[in-house]
Amino acid sequence: MPEGVVYTGIPSREELAACPGIPTEARMARGRVAVIECVQEIPCNPCESACRFGAIEIGEQLTALPRLDGEKCTGCGLCVALCPGLAITIVDKSFSATESTVDFPFEYLPLPGEGDTVDACSRAGETVCPARVVAVKKSPAYAGTAVVSIRVPTAFADEVRTMRRLPRREEDI
Amino acid sequence: MRVLHHPVLGDLTGQKTVTIYYGEEPVEAFEGEPVAAALLNAGIRVFRKTAKRREPRSVFCAIGRCTDCMMIVDGIPNTRTCVTAVRDGMRVQLQDGLAPVGIAPEAGGR
Amino acid sequence: MRKITAEIAVVGAGPAGLCAALEARLAGADVVLIDENRLPGGQLFKQIHKFFGSKEHRAGVRGFAIGQELLAQVSDSGARVLLDSLVYGIQPDKSMGLLTAGENCLLLAEKIIIASGAKENYTPFPGSTLPGVMGAGAAQTMINVNRVLPGARVVMVGSGNVGLIVSYQLLQAGAEVVAVVEGAPRIGGYGVHAGKLRRAGVPFYLGHTISRAYGDDGVRHVEIARLDERWNPVPGSEFTLDADTICLAVGLNPMTELVWMAGCQFDYIPALGGHVPLHDRNMETTVRGLYVAGDVTGVEEASSAMEEGKLAGVAAAEALGYLDARAAKEKKAEIEARLNRLRSGLFGEKRREAKETQLAAMQRARESEKEVV
């Protein structure tokens, strides 16, 4: 299968490398920062106004790709919940000597609980490693989207983008 | 099957229920919902059979256009069940082939 | 026969019709808004995803929430709303037949805005008439409006935005999507929508088609085959999946019956879903005083439908003298700028070009009309 988002639904390595929403390795090592994997020119800009720090810029051309200013980004995570494409995560490679955190949007039931062990999954939905849930945030400002934070070995921080959906319990259907 | 809990839409609570009848079988429905939704929820999928080949048909468009979901409702044939709201005690029958002609409407249907 | 009169009659209370009625009413016109359904909103209330676009298009807000806001505004505006009411015909003199509250009425309006929307396409294959085969939009209505799962294991046919979004919403409602099947060699909709499904482990079969559905009283198994470069199934490539539901997301076509009946001129523009009525930049058709807005003018999405509705509402109000030329021009320019912003980029450009074709055809129709006169 050819690579690239139009063939797989997953941005290729090249597409990510050329994507202006991805922070530098050094910035990720310093602490929480948004990773905006938006590689197609679609008319959409809620991330720009979601950011209170002016760290995301799209500009007049609505289809321009969001450009991240890693210096201004505080990793607050509001953009994670407000991106209609669910294309933003927060990565923190400074979490511990060996571990990083990945915060991602999650719109399924049931939600995991803090401290639970879940399967961390890749962009292709494959299990990468077990992960511990650090936080589950649900704010009215998120408009129905939950943001889940998990910790994973730093070697997997660029690969993990979500968790496996949990089996629905009787009472959730 | 009901979607009682939903990550975006929240929980369904406080729905009033009514009973409709599919043939003789009572089917619980939410007040105001389309007949087709109540039947699908109850696992009933065959709404009518075609006139020539007696093939089963069910909901296709759910917006009242395709007429695949027509049934006999309170005696009125060719009723589009996807846009007809349930009423307590409503009688719904499979429409087998062409509906009989000349049935007097017993109650206001569509 | 009872007569119902209004300065402006808007037929269809979906996103386009609601916006048209609101704009016209706010300008001061006497407006009646008619919909055949029991509830207004058209297909807006089944859209539970966050909208794209920008703040001015309500981006980041979920579709149903936009619908709730619009309904409140319309009801505050003083527009008359007739629900469960069907406009079943229109005469050459633009008088309309209306069934409302069990009564056959004559509906007379100086200006008419038709916003009747679109319906889903169908694609035939052996077994495609079985119970369990339904439009993707129909499944979306069932899960998000009626809160009923039409099935437990779903095969989605089509990877445009409708197919991708409904697949995701089926997962959210608790169904499994066992495959997204797409005839083309590439995904049709936004990559970000496809990405959500990939992360959830949904398999995509590009360059594949459904060759057959099996089952007696409903779908039980689905056979899928690979397509060659000429879109013919490759013998021996078939495989079978267990599924009880097949959703067809193979495009929509405008519901133009009333517009045809009124005698409007049409053009065939595949990129807009088929036969579409010609209209000018005011959304006015070749029949003077009859406007169109939303998917009936060519299939796009809810955000552009809302903008087109506003355009028609402003233009109709202006034609009745409720807005002076300058105020109307200003409003229309703002709306058009917003429309152009939606019709841009990788996916929107094609629609913008198609709409330009439609406008150019309208121009020619008006010119030949002048020659005849």
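Modeller: Ground rules before you start: helices (H or I, at least four residues) and strands (E, at least two) are DSSP runs, numbered from the N terminus. It's a predicted model, where local features need pLDDT of at least 70, side-chain atom pairs count only at pLDDT 80 or more, and totals for chains, interfaces and linings use all residues. Residues are numbered from 1 along each chain as its sequence is written, while chains are lettered from A and ligands numbered from 1 in the order in which they are written.

Biologist: How many helices and strands are there in chain A?

Modeller: Reading from the N terminus, the elements go α-α-α-β-α-β-β-α-β-β-β-β-β-β. For chain A, that comes to five helices and nine strands.

Biologist: What radius of gyration does chain A have?

Modeller: The radius is taken over C-alpha atoms, and the globule rule is 2.2 Å times the number of residues to the power 0.38. For 173 residues a compact globule would come out near 16 Å, and chain A agrees, with 16 Å.

Biologist: What share of the residues of chain B count as buried?

Modeller: A residue is buried if 20 or more other C-beta atoms lie within 10 Å of its own, exposed if 12 or fewer, and partly exposed in between, with C-beta atoms placed from the backbone. Chain B has 110 residues, and the share that count as buried is 38%.

Biologist: Which elements does chain B have, from the N terminus on?

Modeller: Chain B has one helix and eight strands. Their order is β-β-α-β-β-β-β-β-β.

Biologist: Over in chain C, how many residues of helix α3 are buried?

Modeller: The helix covers residues 136–144 and is mostly covered. Its buried residues include Gln140(C), Met142(C) and Ile143(C).

Biologist: Which element of chain B do the buried residues of α3(C) pack against?

Modeller: Within chain C, their partners include β7 (118–120), β9 (153–157) and α4 (161–173). From chain B, they pack against α1 (35–41).

Biologist: Is Ala13(C) buried or exposed?

Modeller: Ala13(C) lies in the loop between β1 (2–11) and α1 (15–26) of chain C. Two residues are in contact if their C-beta atoms, placed from the backbone, lie within 7 Å. Beyond its neighbours within four places in sequence, Ala13(C) is in contact with residues including Leu33(C), Pro40(C) and Val81(C). With 30 other C-beta atoms within 10 Å, Ala13(C) is buried.
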